[in-house]
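The following note gathers points on the fold, the core and the ligand surroundings of the structure shown below. They are set out for a reader who wishes to check each one against the coordinates.

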Amino acid sequence: LIARAPSPIDSLDWEPLREAVASCTACRLCESRRHTVFGVGHMRAHWMVIGEAPGEQEDLRGEPFVGPAGQLLDSMLRALGLTRDEAPPEQQVFIANTLKCRPPRNRNPEPEELARCEPFLQRQIALVQPRIILAMGRFAVQSLLRSSEPIGRLRGRVHQYQGVPLVVTYHPAYLLRQPMDKARAWEDLCLAAEVME
Ligand code: URA
């Protein structure tokens, strides 16, 4: 991985990290957001799921994956016995995004926005210390693996993010548009579950 310059965010504990996200003005997304979306889940969840960026519902509620893509994500997680709700850490997922603010009209994140937001996600991963990371969609993959290869070329095997096993899969919003790929995403989740056995 290409090292980025150290940031003061790298040493923040949960509460100061939450505050830093909530008050962030590092890019212009702060001008249009209604809420920042920090992430949810157990602070020491064994699973960490990383998506792209808040959409309209997430921006309104300040919670990740609460719209249609989130319902699909929750049902896939439930099928593996996992939940974002209260549960022992081994059944829990911490869900976060590469961007903490919604891009206007859900446009793709821009490189500058990803770079400014990246220290927050990296710090969240360092605090949670997950045993498995599920990177959903190309922006999560770009940010964590520094790869711009298509998901289809990266899925189906176990990568590493700073010593943590990482499995790549399709973004749930993509799966809503391309349900044919749901079976592949399910294979990816099962691969991640195998890593945890
Ligand atoms: N898509 C994402 O990537 N994240 C969300 O939180 C919602 C939709």
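This is a predicted model: local features need pLDDT of at least 70, side-chain atom pairs count only at pLDDT 80 or more; totals for chains, interfaces and linings use all residues.

1. A residue is called buried here if 20 or more other C-beta atoms lie within 10 Å of its own, exposed if 12 or fewer, and partly exposed in between. By this criterion, 41% of the 197 residues in the protein chain are buried.

2. Overall architecture. The protein chain contains nine helices and five strands. Its radius of gyration of 15 Å is close to the 16 Å that the globule rule gives for 197 residues, so the chain is as compact as a globular protein of that length. The C-alpha trace spans about 40 × 35 × 35 Å along its principal axes. Of the contacts between residues at least 6 apart in sequence, 71% join residues at least 24 apart.

3. Annotated region. An unreviewed UniProt entry carries the annotation "domain: Uracil-DNA glycosylase-like" for residues 38-190.

4. Nonpolar core. The largest nonpolar core comprises 45 residues, and those with the most contacts inside it are Met 48, Ile 50, Val 93, Leu 134 and Ala 135. Beyond its neighbours within four places in sequence, Val 93 is in contact with Gly 41, Ala 45, Trp 47, Met 48, Val 49, Leu 77, Leu 82 and Arg 84. In soluble globular proteins, nonpolar side chains tend to be buried together.

5. Helix α6. This helix (residues 138-145) is mostly covered, six of its eight residues being buried. The buried positions are Arg 138, Phe 139, Ala 140, Val 141, Ser 143 and Leu 144. Their cover includes the strands β1 (47-51), β3 (132-136), β4 (158-161) and β5 (164-169), together with the helices α5 (111-128) and α7 (151-154). Just after α6, Arg 146 adopts a positive phi of about 55°.

6. Glu 187. Glu 187 and Gln 124 are 63 residues apart in sequence, and their C-alpha atoms are 26 Å apart in space.

7. Ligand surroundings. The ligand is surrounded by 13 residues, of which Gly 51, Glu 52, Glu 58, Pro 64 and Phe 65 are the closest. The shell divides into six nonpolar, five polar and two charged residues.

Terms used. Residues are numbered from 1 along each chain as its sequence is written. A residue is near a molecule or strand if its C-beta atom, placed from the backbone, lies within 6 Å of it. Ala, Val, Leu, Ile, Met, Phe, Trp, Tyr, Cys and Pro count as nonpolar, Asp, Glu, Lys and Arg as charged, and the others, Gly among them, as polar. UniProt positions are given in the numbering used here, feature names are shortened, and annotations may be inferred rather than shown by experiment. Helices (H or I, at least four residues) and strands (E, at least two) are DSSP runs, numbered from the N terminus. The radius of gyration is taken over C-alpha atoms; the globule rule is 2.2 Å times the number of residues to the power 0.38. Two residues are in contact if their C-beta atoms, placed from the backbone, lie within 7 Å. A nonpolar core is a set of buried Ala, Val, Leu, Ile, Met, Phe, Trp, Tyr and Cys residues joined through C-beta atoms within 7 Å.
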